[in-house]
Amino acid sequence: MAEVKIFLSTVSAEFRSYRYTLRHQLDRPNVTVKVQEDFIATGTETLDMLDQYIRACDVVIHLVGDMSGAMAQAPSVAAIRQLYSDFATRLPPVADFVAAGGPAMSYTQWEAWLALHHGKRLIIAVPEPGAERDPHYILDPLQQAAQQAHLARLASIERHPGIHFRSADHFAAEVWRSGLFDVLVDAGLVRRVDRLPYSSLGELFMGRDADLAAVADLLGPTPRQAEQPAACVALWGLGGIGKTRLALEYAWRQGGGHPARLLVGADSPATLHANLAALCAASALDLPEQHATEEARQHAAVLAWLNRHPGWLLILDNADDEAAATAVEALRAQLSGGHILVTSRLPNWSAAIHAREVDVLAPAAAADFLLLRTANRRKPQPDDAARAAELAHELGYLALALEQAGAYIAKLRLGFGQYLERWQSQRDKVLEWYDPRLMQYPKSVAITWQTSFDQLSEPARRLLQRLAWLAPAPIPASLLDVPIPDEGADLREALMELEALSLVRISDDGGRFSIHRLVQAVTQRGQAVDPEHTRLAEALQWVDDAFVGEPQDVRNWPTLDPLADHAAPVAEHGVERSLSGPSARLLDQAGSLLHAKAQYIEAEPLMRRALAIDEDSFGSDHPTVAIRLNNLAQLLHATNRLAEAEPLMRRALAIHEASFGPDHPDVARDLNNLSGLLQDTNRLAEAETLIRRALAINEDSFGPDHPDVAIRLHNLATLLYDTNRSTEAEPLMRRALAINEDSFGTDHPRVANDLNDLATLLRATNRLAESEPLMRRALSIDEAGFGPDHPTVARDLGNLSLLLQDTNRLDEAEPLMRRALAIGEISFSTDHPDVATDLNNLAQLLVATNRPTEAEPLMRRALGIFVTSFGGDHPNSQTVGDNYIALLLALGKTEAEITEALRTLLT
């Protein structure tokens, strides 16, 4: 039998314990392990003796830490130079060190270069940051630099560290995984048994480095003694997420130190028992009992072999139900001397088994996989990277779905765009496609979860079928507290059943849960046979019942925000299947919430969709249609599309007057909204008539102290202020403020709105000391309610900035005004009147601080926006026009130049 010689190369003061641990684990017949201390250090012959042993050994394991150790003496180096005249030419990085009179190199560093010169297997290991050191370790910056230079020389000839370690046990485990075991196999000292169904994916296996490292840490060093308890890790997660592939890649990549790497199916106790017994076969452990007729005898023989041959790795695949898990737990207790990896959809295991959740791939890794999997086999396009990312998102970053898509694309030579089109138009067909030879997976996406579905109780199955119609986004657990008609089961208990099979994931705090988009797709597909769409109708009504509260009121946002992602998707599913029901209301309410948050682009299509649904359902003159018209018109008003908004407002008003009569509160609301639009388009007399009528209706309907009365009072007051009737406006503003503080409390955005406008009036009437605390209070309320980047906050910032300018605090005012402008440009378009107001105010501040050149383009832009939005005769246009003329005069422009500038803007 051959002998294997190993040399452990390191500095004893730093890593003696590491060397001892590894030497102990390598101790076996026909294996000789030497270290530097085994050679008598008498001077000139030390390096020669090291050279003689390294020349005869098989492997050099070279630890490079911070200490370089003793330096080789010149006579010893001279002996090497004389013995190997080609040393410098074969290894150029150390040519200077070999030359006579050259710099010194330590014995430990020489050991690595001697191994390379003799063509020996060199395993380079370096410590991770914070790795343990031995007691005699001393950090010397000069020695540390010498070691880094040594590593750099090795790297220059493509010799890089293959092991990174943090402790002695970790180092020993990594050495075995690095290929040392292969040396023993090649020498015939040990036998390797591999019974793994698929080979490694190689570079296609990506995005799982952290998982591989975690499994290695949890399993620990490969056992070398038969009596050591078997370490066990359960990889759990959703079916198709890549648990089996992760276990296999661990076996191929980091299981190099295991004499036997075995995988057996464990989906039931009987299957596990039979598959273990089958390992007796000649193609596996080749045991004498392979010829026995009793399965129990074969099973016992396999367990006995495992317990006599330490170091094995056993993968127990697909232990997905309680019976299978119980069998796995029992088997683990019978085994010692090895590592067990379990793959399962069950998250709960005994304390003896380390449970590790496997999640979907990271987006970048998923996209990279698709690109590499289809390289040279897809129809290439310039936007392949972007489309791969889009497809990965559509597939929810699920490993099985990504592989299925990659194999499908490669087989048919499609582009990513073509596959996306098929996915969106022929999803059922694509989900069912399966080619086991190409995919090396046992199932398609379409049937991956069937075994889990089959285990569900009826309440859990119904819950899953409802959840399938929601968005693939976190779902608030509070939804489970909303009752479903005729559903007697406990929804939270049903959810726990789904979690037990990894069909949903519950957050650590229990406040929300999520379901994978492909589980939803397959579950939807399973409901296609129901012509009544029963579960979808239930889900639609369920979310509608939960989505309660005015979206414009920030107090309702904690309830509505978690549901907002789901309202529109479930409503759209309902509309597609002619279940209008509450679909329009959900779409409209979701749009109104987005409107309140200044997310106008996202809000508008939902509102338009809601309007179209209700017009189809009720006709064009129904009161519900009027509500949709009004909400859409408010959004158009906010985004400065006044010409589009006005006919919608007037139509809503006409519907409500015809339906309810002229004195109904809904009519008052329509009058209020139309008045605001008329005010913005400088039709002040008509606006005042409407707002006074709205106020009278609400006071008659609700009494003088109702919040709706406060809205009308406030809006009438702002109109009076705009028409220079501040004395009339102020008591109305204060009355509105008092009503809202009583109704909503002192920290509500409605109160902030009253405070802001009252403060503006006080500023205009030169009561600056009274105005400032109100402005600051309004700003604080709105930032807390809406967040720092809402248009309402921009309004508050702009007003406070103006007051600071009035009190000559220009340095404090400018950043507030610039922040207000930035918020407005992001929230609205860059040609919105609110943006123009901020531009003009910032320009005026720049003029005040003697920066007219900076001010001119801002004021010119503001004037252009106002003229485009309202016309040249609007008060805002005239005010800014006057400011612009004054600025041009200050810049020394001639009358002709000013006339030309204004003509250009006004046309």
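## Helices α16 and α17

In this predicted model, helix α16 (residues 399–412) and helix α17 (residues 416–425) have axes that come within 10 Å and cross at roughly 115°, and the crossing of α16 and α17 is right-handed. On the α16 side the contact is made by A405, Y408, I409 and L412, and on the α17 side by F416, Y419 and R422. Sorted by class, the contact of α16 with α17 comprises 6 nonpolar residues, no polar residues and 1 charged residue.

With a relative accessible area of 43%, R413 is partly exposed.

The relative accessibility of N850 is 65%, so N850 counts as exposed.

## The buried side of α11

In helix α11 (residues 269–277), the buried residues are L272, L276 and A277. Because they cover an arc of only 130° around the axis, they are placed on the same side of α11.

## Q109 in helix α6

Q109 is part of helix α6 (residues 107–117), and its relative accessibility is 4%, a value at which Q109 counts as buried, given that the cut-off for this class is under 20%. The side chain of Q109 makes a polar contact with the side chain of Q147, at 2.8 Å. When neighbours within four places in sequence are left aside, Q147 is again found among the residues in contact with Q109, alongside H62, S68, A146, H150 and R153.

A104 is located in the loop between α5 (95–98) and α6. Its relative accessibility is 48%, and A104 therefore counts as partly exposed, since that class lies between the limits of 20% and 50%. Not counting residues up to four places away in sequence, A104 touches M71 and F97.

Between A104 and A355 there is a separation of 251 residues in sequence, while in space the two residues are 51 Å apart, C-alpha to C-alpha.

Terms used:
Residues are numbered from 1 along each chain as its sequence is written. This is a predicted model: local features need pLDDT of at least 70, side-chain atom pairs count only at pLDDT 80 or more; totals for chains, interfaces and linings use all residues. Side-chain values use heavy atoms; hydrogens and water are left out. Helices (H or I, at least four residues) and strands (E, at least two) are DSSP runs, numbered from the N terminus. Buried means under 20% relative accessible area, exposed over 50%, partly exposed in between (1.4 Å probe, protein chains only). A polar contact is a pair of N or O atoms within 3.5 Å; within protein, one must be able to donate a hydrogen and the other to accept it, and residues adjacent in sequence count only if both atoms are side-chain atoms. Contact means heavy atoms within 4.5 Å. Axes are lines fitted to C-alpha atoms, for helices over the stretch in contact, and angles run from 0 to 180 degrees between N-to-C directions. A crossing is left-handed if the near helix is turned anticlockwise from the far one by less than a right angle, and right-handed if clockwise. Ala, Val, Leu, Ile, Met, Phe, Trp, Tyr, Cys and Pro count as nonpolar, Asp, Glu, Lys and Arg as charged, and the others, Gly among them, as polar. The arc is that of the directions from the helix axis to the C-beta atoms.
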